[in-house]
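Grab a pencil and keep the viewer open.

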Amino acid sequence: MKKEYKPVHGMWTSRWVFILAATGSAVGLGNIWRFPYITGEYGGGAFVVLYLLCIALMGIPIMVAEVMLGRRGGLSPIHTMSKLAEQSKVTRRWAGIGYLGALSGFLILSFYSAVASWALIYVWEAAQGVFQGITAVQSKAHYEDMLASPWLLLGAHTLFMAITMGVVALGVKQGLERAVRVLMPVLFALLVVLIGYASTTPGFAEGVGFLFAFDFSKLSGEAVIVALGQAFFTLSLGMGAIMAYGAYMPREIKDKSGRSRPVSIVSCVVTIAVLDTLVALGAGLAMFPLLFTGGLEVGQGPGMMFVTLPLAFGQMPGGLLFGTLFFVLVVCAAWSSSISLGEPMAAWLVERGLRRGPAALVVGLAAWLLGVGSVLSFNVWKEHEFLVGTFFDNIEFLSTSVMLPLGGLLIAIFAGWVMKETHARKELAMKSFPLYLIWRALVRVVSPAAVVALFVYSLWSVLAADDAAAEAGADGDPVEQTAPVEQEAR
Ligand code: TRP
């Protein structure tokens with residue numbers, strides 16, 4: 001028997017709240033932790049150009065598709081997809097996109113919380129002056145000691161999951177909306193302060209040069225794939241997070257004079273993508289100058305934020321205050337992202353009749369439990385490797401390199417090929433027809449092709465030679481980085 005589900009979650013108060021919430025989802029560890037270190041690894045400016053191309057040609061079209069599907073369905077991704085499939089008279093199995101997404105969100109949430117909680121620990125430590133005057137060797141040892149302390153990590157993981165699901169439990173208006181209204185302005189203000197601080201250091205010009213000098217000779221095929229994957233992850237695409245947020249987006253909003261105005265999906269999405277990109281570049285601007293000032297290595301991988309950066313802060317005047325603020329920024333960014341990872345599944349449970357509180361509790365407890373596996377991957381289970389690496393490596397790889405691209409591909413195919421064109425066109429309500437045609441071409445051909453390339457590469461890197469697999473694993477494995485090279489301070 002078919003059951004009709006009604007939208008029960010409430011709506012964002014304004015267009016800006018939707019933009020803030022989706023930007024909150026997009027801006028996270030991907031921008032502040034991952035973007036700077038992969039840019040460092042792949043040589044700077046040229047990689048940045050590639051990344052921008054991926055955002056424009058694949059990220060934005062898929063994000064438009066997700067928001068469009070979400071707003072048309074008005075429900076959690078699972079129910080939205082089955083409703084839209086029915087409207088387009090195709091099999092309800094397309095709801096699989098929703099199930100796949102909820103599952104990937106759940107897997108990502110589990111390890112995202114484990115990593116974000118390191119930043120939580122670092123806020124506390126930075127404020128206590130732990131990093132003042134620290135040496136490179138000490139900074140690395142300190143990071144490794146933290147990873148070797150299961151109880152400390154478990155405590156932080158528990159706290160982070162509690163604040164995340166606490167917000168989800170409060171609902172769209174009282175929880176999500178209130179949280180992003182506070183977190184996002186704080187995040188932007190902190191970023192501006194930190195960039196200002198970086199601009200007073202002697203390495204600023206070198207840092208800027210590194211980010212924006214386009215040396216195309218450094219580009220490789222692998223860089224293209226990494227840029228593609230990053231564009232996906234940083235915009236929160238492929239799992240229905242943005243679809244769920246789109247479901248709470250009104251079609252019309254009253255302006256000050258009381259007239260209703262349509263809310264344009266495309267202009268919102270472009271704003272979100274621009275803000276997300278600005279934060280990623282801003283994080284680079286705030287970090288690279290400090291590394292250059294300290295004479296530190298920029299291309300040494302995932303440990304950049306947790307090993308090299310504390311070292312840089314420890315050496316400079318004002319490092320105690322600004323170092324603490326930096327990790328507060330990371331926590332704010334990760335918090336608003338993790339909320340969007342838990343929301344689709346919680347919303348689905350709510351539509352099936354649970355109250356918000358218990359729904360958030362169920363999702364949070366389950367993700368917490370799975371996250372314990374990730375926490376233990378850095379200490380007790382460190383030696384237990386299978387498939388692509390530790391438990392953490394496997395969950396990370398499966399969700400971000402396999403399930404997200406697959407979800408994104410299916411979303412693009414559904415929006416571009418399966419759904420009735422009139423439905424998509426009506427929901428998008430784009431004023432410019434040529435622009436609509438461009439979107440349609442991108443979502444039908446270019447984005448799926450890009451995703452397939454990404455997907456084939458991901459799988460190939462596991463199935464191919466051992467060292468290729470190790471490389472893909474090391475990408476997400478912060479313990480496998482080399483020691484920061486301390487060069488002569490200038
Ligand atoms: N975009 C976030 C970041 O850059 C992570 C994230 C949140 C995410 N929700 C997502 C990634 C959904 C993929 C899918 O850190």
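**Exercise 1. Is serine 264 buried, partly exposed or exposed, and where does it lie?**

Step 1: Start with the accessibility. Serine 264 has 31% relative accessibility, so it counts as partly exposed. The cut-offs, taken with a 1.4 Å probe and protein chains only, are under 20% relative accessible area for buried, over 50% for exposed, and partly exposed in between.

Step 2: Find its place. Serine 264 sits in the loop between strand E2 (260-262) and helix H11 (265-293). Helices (H or I, at least four residues) and strands (E, at least two) are DSSP runs, numbered from the N terminus.

Step 3: Check a distance. From C-alpha to C-alpha, serine 264 and methionine 430 are 7.4 Å apart in space, although 166 residues apart in sequence.

Before you go on, a word on the model: it is predicted, so local features need pLDDT of at least 70 and side-chain atom pairs count only at pLDDT 80 or more, while totals for chains, interfaces and linings use all residues. Residues are numbered from 1 along each chain as its sequence is written, and side-chain values use heavy atoms, with hydrogens and water left out.

**Exercise 2. Look at the phi angles of serine 236 and alanine 429, and work out where each residue lies.**

Step 1: Most residues other than glycine have a negative phi.

Step 2: Take serine 236. Its phi is positive, about 60°, although it is not a glycine. You'll find serine 236 in the loop between helix H9 (221-234) and helix H10 (241-247). With 12% relative accessibility, serine 236 counts as buried.

Step 3: Now alanine 429. This one isn't a glycine either, yet alanine 429 has a positive phi of about 45°. Alanine 429 lies in the loop between helix H16 (421-428) and helix H17 (433-463). Its relative accessible area is 53%, so alanine 429 is exposed.

**Exercise 3. Which residues does serine 25 touch?**

Step 1: Locate it. Serine 25 is in helix H1 (residues 15-26), and at 3% relative accessibility it counts as buried.

Step 2: List the partners. Contact means heavy atoms within 4.5 Å. Leaving out residues up to four places away in sequence, serine 25 touches Ser236, Ala241, Ile242, Tyr245, Ser336, Ser337 and Ser340.

**Exercise 4. How do helices H3 and H15 pack?**

Step 1: Read off the geometry. Helix H3 (residues 45-73) and helix H15 (residues 391-418) pack at an angle of about 70°, and their axes are 9 Å apart. Axes are lines fitted to C-alpha atoms, for helices over the stretch in contact, and angles run from 0 to 180 degrees between N-to-C directions.

Step 2: Classify the angle. H3 and H15 are therefore roughly perpendicular to each other. Angles under 35 degrees count as roughly parallel, over 145 as roughly antiparallel, 65 to 115 as roughly perpendicular and the rest as oblique.

Step 3: See who makes the contact. H3 brings Ile62, Ala65, Glu66, Met68 and Leu69, while H15 brings Gly408, Ile411, Phe414 and Ala415. By class, these are seven nonpolar, one polar and one charged. Here Ala, Val, Leu, Ile, Met, Phe, Trp, Tyr, Cys and Pro count as nonpolar, Asp, Glu, Lys and Arg as charged, and the others, Gly among them, as polar.

**Exercise 5. Describe the packing of H5 and H13, then zoom in on alanine 116.**

Step 1: Helix H5 (residues 96-127) and helix H13 (residues 319-351) pack at about 160°, with axes 8 Å apart. H5 and H13 are therefore roughly antiparallel.

Step 2: Their contact has 22 nonpolar, six polar and no charged residues.

Step 3: Alanine 116 is in helix H5, and its 2% relative accessibility makes it buried. Apart from neighbours within four places in sequence, alanine 116 is in contact with Leu29, Phe160 and Ala334.

**Exercise 6. Which residues touch the most other members of the largest nonpolar core?**

Step 1: Know the term. A nonpolar core is a set of buried Ala, Val, Leu, Ile, Met, Phe, Trp, Tyr and Cys residues joined through side-chain atoms within 4.5 Å.

Step 2: Among its 174 residues, Trp12, Phe18, Phe326 and Phe414 touch the most other members. Helix H7 (residues 150-199) gives the most to this core, with 20 residues.

Step 3: Follow Phe326. Not counting residues up to four places away in sequence, it touches Ile32, Leu194, Met287, Met305, Leu309 and Phe313.
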